[in-house]
Amino acid sequence: MLQISNTVSLGEWEIELSAIRAQGAGGQNVNKVSSAVHLRFDIPHSSLPAFYKERLLKLNDQRISKDGVLIIKAQSHRTQERNKEDALQRLKELILSAVVVQKKRRPTKATYGSQRRRMDKKTQRGQTKQLRGKVSH
């Protein structure tokens, strides 16, 4: 069971883990040992609350297929067990990040003082350029 929050948890039957061979350069065991882990999580058919599912499916993430299946590949560690833990942790972080509601941005205007300072600096820069132009022959 993967505990997402105090009220939300996922059963082991919802997460499909399969061992695969890791990619990239390796040592003597690279072609023999399946240390990488593929995690498959079917978002629409999960026991997550509707709000969680909706937010996850709206994500613009290349790991989520058109069918709503999330695939996470973990291969950064040497052992299959550590890669499994890493994949589950990444799934948990993705779900938690999807449900965080971003604060709505309120457009603001520059203060009168900041506008004034900006215009004064521009005026000064223009005057120094003018002076440089007059000195050269």
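Salt bridges in a predicted model

The side chains of E54 and K58 pair in a salt bridge, with N to O at 3.9 Å. This model is predicted. The pairing counts because the rule asks for a Lys or Arg side-chain nitrogen within 4 Å of a carboxyl oxygen of Asp or Glu. Side chains of opposite charge can pair when their charged atoms come close.

Now look at where these two residues sit. Helix α1 covers residues 50-58. E54 and K58 are four residues apart in helix α1, so about one helical turn separates them. How exposed is each partner? E54 is partly exposed, with a relative accessible area of 45%. K58 has 65% relative accessibility, so K58 counts as exposed.

How many salt bridges are there by this rule? The count comes to three.

Move along to D61 and R63. These residues form a salt bridge too. Their closest N and O atoms are 2.8 Å apart. Is D61 buried or exposed? D61 counts as buried because its relative accessibility is 18%, and the cut-off for buried is under 20%. R63 is partly exposed, at a relative accessible area of 30%.

The next stop is helix α2. This helix spans residues 80-99, and D86 lies in it. Which residue does D86 meet in a salt bridge? The partner is R90, with 3.2 Å from N to O. D86 and R90 are four residues apart in helix α2, so about one helical turn lies between them. The spacing of four residues also holds for E54 and K58 in helix α1.

Accessibility comes next. D86 has 18% relative accessibility, so D86 counts as buried. R90 is partly exposed, with a relative accessible area of 26%.

Stay with D86 and look beyond its own stretch of chain. Which residues does D86 touch, leaving out those up to four places away in sequence? They are A74, S76 and H77. K73 gives another reference point. K73 and D86 are 13 residues apart along the chain. Their C-alpha atoms are separated by 9.4 Å.

D86 sits in helix α2 and counts as buried. Its side chain meets R90 in a salt bridge. D86 also touches A74, S76 and H77.

Note on methods. Residues numbered from 1 in each chain as written. Predicted model: local features only at pLDDT ≥ 70, side-chain atom pairs only at ≥ 80, totals over all residues. Heavy atoms only, no water. Helix = DSSP H or I, 4+ residues; strand = E, 2+ residues; numbered from the N terminus. Buried < 20%, exposed > 50% of the residue type's maximum accessible area, 1.4 Å probe, protein only. Contact = heavy atoms within 4.5 Å.
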